Amino acid sequence: SHSDATEAAMPASLAFHGLAAGNVFSSGLQYQLAPGVQAHADISQRSWVNHPARLIDSELGATYNSGRYSVGLSVGASEAPQRTALPRVLPGVAPGVDGLSGFDRSEQLNAHGRVALDGSTGIDLGASVGRIRLMPGNLLGIDTLDQKALSFGVDSGPLSGTLVGRTMQPL
């Protein structure tokens with residue numbers, strides 16, 4: 001089953017993630033604004049074991065929960081403050097954030113909804129639009145990518161699954 005904290009959070013599958021063999025530090029705050037209305041703020045930092053790169057993620061959002069239905073909006077950002085190519089962690093795995101070793105920063109707007117079908121089963125829908133900025137001189141030869149993502153998830157008791165579709169194209 002989903003707790004209020006789980007329902008308040010935006011789907012992490014829509015955010016960009018760096019594959020990090022190292023440390024992850026995160027902190028978050030949730031605040032009940034009114035009955036059924038919750039705000040949240042989250043920040044995290046990922047670092048690699050043998051590389052000086054860091055990735056900082058932040059998100060600010062709100063969720064309305066009526067019990068059976070919930071809907072939320074958030075804005076998020078990610079940044080690699082060192083302005084250095086992100087490392088390849090495992091052989092054959094694309095380096096950086098979603099394969100973008102020249103990742104500099106990104107911003108996105110996220111929306112998430114959930115319909116509870118019963119006490120332990122639900123359907124989740126999510127969408128995200130945003131921009132990805134790459135470092136100058138990256139291998140793609142472009143500065144900015146436009147990204148869009150949709151997600152569809154189903155959960156029943158301890159089992160859950162989510163499909164995420166994402167497009168990225170030069171701006």
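**View 1. The salt bridge between D57 and R46.** In this close-up the side chains of D57 and R46 form a salt bridge, with an N to O distance of 3.3 Å. The two partners come from distant parts of the chain, since D57 belongs to strand β3 whereas R46 belongs to strand β2 (residues 37–48), and 11 residues separate them. The structure shown here, as in the views that follow, is a predicted model. D57 is buried because its relative accessible area, 12%, falls under the 20% limit. R46, at a relative accessibility of 16%, likewise counts as buried.

**View 2. The salt bridge between D124 and R114.** Here the side chain of D124 meets that of R114 in a salt bridge, the N to O distance being 3.5 Å. Because D124 lies in strand β6 and R114 in strand β5 (residues 103–116), this pair ties together parts of the chain that are 10 residues apart in sequence. D124 counts as buried, with a relative accessibility of 15%, and R114 counts as buried with a value of 7%.

**View 3. The salt-bridge network of R105, E107 and R133.** Salt bridges with shared partners connect R105, E107 and R133, so that these residues belong to one network. Side chains of opposite charge can pair when their charged atoms come close.

**View 4. The largest nonpolar core.** Eight residues make up the largest nonpolar core of the model, namely W48, A53, L55, A80, F103, I132, L134 and L145. Two elements, β3 (51–65) and β6 (121–134), each give two or more residues to this core. Strand β3 also holds D57, the partner of R46 in the opening view, while strand β6 also holds D124, which is paired with R114.

Conventions
Residues are numbered from 1 along each chain as its sequence is written. This is a predicted model: local features need pLDDT of at least 70, side-chain atom pairs count only at pLDDT 80 or more; totals for chains, interfaces and linings use all residues. Side-chain values use heavy atoms; hydrogens and water are left out. A nonpolar core is a set of buried Ala, Val, Leu, Ile, Met, Phe, Trp, Tyr and Cys residues joined through side-chain atoms within 4.5 Å. Buried means under 20% relative accessible area, exposed over 50%, partly exposed in between (1.4 Å probe, protein chains only). Helices (H or I, at least four residues) and strands (E, at least two) are DSSP runs, numbered from the N terminus. A salt bridge is a side-chain nitrogen of Lys or Arg within 4 Å of a carboxyl oxygen of Asp or Glu.
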